[in-house]
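The sequence and the structure come first.

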Amino acid sequence: MIAELGLALLWIAAALACLSLIAGALFLRAGPKDLASLVRPASVAQGVLTAVAFALLIALFVRSDMSVELVARNSNSLKPMIFKVAGAWGNHEGSMLLWLTILGLSGALVALFEKRLREDTLIATLTAQAALSLGFFAFLLFSSNPFNRLPVAPPDGQGLNPLLQDIGLAFHPPTLYVGYVGLSVAFSFAVGALVTREIGPAFARAMRPWVLGSWIFLTLGITAGSYWAYYELGWGGWWFWDPVENVSLIPWLAGAALLHSVAVTATRNALRAWTVMLAVIGFSMSMVGTFIVRSGLLTSVHSFAVDPERGTFLLVLMALYIGGALTLFAIRAGTVAEGKKFALVSREGSLVINNLLLTTILALVLLGTLYPIVAEAMGEKISVGPPYYNRVAGPLALILCLVMVAGPLLAWRKDDGRKLWSRLPPAIFAGAAVLFALVLFGGKIGILPLLGMSVAGVVAVASLAPLWNRNLRRTPLPTWGMVLAHFGVAVALAGMAAESAFIKERLVAAAPGETVRVADFAVRFDGVRPVAGPNYTALEGSLTATTPGGASFVLKPESRMFPGLMGTAPTETNEAALLTRPGGQLYAVLGQPVPGMNGAPDRYQLRLWWKPLVWWIWLGGGLIALGAALALIGRAQLLAIWRVRRARKAEERFAP
């Protein structure tokens, strides 16, 4: 009964999306004004019904209702409750329903709370949002029904992929999807503004919170996903340039460019065409990622690879949405004025260079991601790995950081280059000091990590420049947010560069009682013991790591075995053990046993890494997201103050 109710709600929500689309389109074509009054409530009802349908899907997973095909394929009655809940979106159909739920709720929030746009622009925005929703409703209902029943319910389910049975599944996909869908709202705002030709500060102010919010969640999602892969997969890396990792990075790059561009349009009435185009590109990259992950074109632990027919469905949707938006932009491009002029040496000019670099990096990453897929379709097997991305994107990223340093130090509209140089000495001195220290005492370091740590020093000091000579108590929250986000970039960059430059690794086969040295640690292998988890068995290793100062710490890596369920094969995974210290992390993985010779005890493969400052990468990501959140809160406060002042002026104007 729950599955049938959930499916019925999806059909009703799809009908409401269709109603919003038709009513909005007719109103925009000079139809009756009464049609506009249908769009808002239909958008709200659609979002609510979709959310209820998704809640019902979660209830089916919690109840372990094996008569539902999705539950039987992705859950099991023995799973811990957190993984039953998270299993609702740890699969293709459920993740698409989560996407659609966030999309519907976003449209409902726009319909309820957006007051800054003209009525026709708001209706055009909600109509565009309804068109997006309707395409995904069609995809779910006709191609990927999450509530499909089985003719005969199995006694139990096949369970969730063991690699996904981690708390990261509860947070990583939802945060990414909120980010993706936030970009879809920005896309709808851009389409609505193009339709009604209202491309100016009001449109940008309405779009900005959605762009900022989506970018915050994308930052959190990518950071959490990086850390999840780092400790869960047991390979010791924080970024693999996996195609599925790339398709989350690409919208983040587009969102970063859009974030800066929309701020200029909102406050300075410039970069209008940039803002519209980046809004289209941002959502387009989200659609490209959705297609790649679900088309079956690649195999990855991150992907929900399915059959090519569903991939074709998504490809058609992508062509309709992206092609339609680009066609509309081409038709209206002549009416999109760039707004107020500015000099190259100005804050706006630095943001234009910033956007050019971000979009160039985006294009290079997209090329490296898609080229092997296209080449394989033409019969040639090609692999594009980290060396390509490091060589082409790394130098551009460092240049981007230096441009980011200059931006906040420049005045709006026009500035003097000599004044800029007079503001840079502290930052230049910091970068030079880091470079000098590394050359003298750092040993043999690659050129890219060396430059990365030096640029991180420049960015760290320059990011604080907006606070110089200011009353810190009266500094607006958006300024604090910018400072914190830019400082977070410096922290993350320093962590990436230090980990690449100074990483130490040992791979040994050790018997109980043996000691292995890695970096400054003496690691004693104390042995293994069997342990039982809620739905797995494991061999748990015990390692004692001792520092030069005599402090000892125990690490317990595991080799887990998940039993095969309902005809599936057993799966073995490695759970790394991490020791976090101020200077970095000691990372330990327990491998396979090696039988002893002539009665000697078994030895076990141990893989040990010392990763200097690696945790700074995720600290930096958190600081970037926190800085963006402070900016969002500050903008909301400024908006509230502006509305109060406008209301007071209106009262004074009409007072007797």
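Which side chain meets that of Asp65 in a salt bridge? The side chain of Arg149 does, with 3.5 Å from N to O, where a salt bridge is a side-chain nitrogen of Lys or Arg within 4 Å of a carboxyl oxygen of Asp or Glu.

## Basis of the model

This is a predicted model, in which local features need pLDDT of at least 70 and side-chain atom pairs count only at pLDDT 80 or more, while totals for chains, interfaces and linings use all residues. Residues are numbered from 1 along each chain as its sequence is written, and side-chain values use heavy atoms, with hydrogens and water left out.

Asp65 is buried at a relative accessible area of 18%, whereas Arg149 is partly exposed at 28%; buried means under 20% relative accessible area, exposed over 50%, and partly exposed in between, with a 1.4 Å probe and protein chains only.

Arg149 also forms a salt bridge with Glu4, at 3.1 Å from N to O. Because Glu4 belongs to helix α1 (residues 2-28) and Arg149 to the loop between α6 (119-143) and α7 (168-196), this pair ties together parts that are 145 residues apart in sequence. Glu4 is partly exposed, with a relative accessible area of 41%.

## A salt bridge between two strands

The side chains of Arg607 and Glu505 meet in a salt bridge of 2.7 Å, N to O. This pair links distant parts of the chain, with Arg607 in strand β10 (residues 603-612) and Glu505 in strand β1 (residues 504-510), 102 residues apart. Arg607 is partly exposed at 35% relative accessibility, and Glu505 is partly exposed at 42%. Elsewhere, salt bridges that share partners join Glu4, Asp65 and Arg149 into one network.

## Overall fold

The protein chain has 18 helices and 10 strands, taken as DSSP runs numbered from the N terminus (helices are H or I, at least four residues; strands are E, at least two). Its radius of gyration is 27 Å, close to the 26 Å that the globule rule gives for 656 residues, so the chain is as compact as a globular protein of that length; the radius is taken over C-alpha atoms, and the rule is 2.2 Å times the number of residues to the power 0.38. Of the 656 residues, 54% count as buried.
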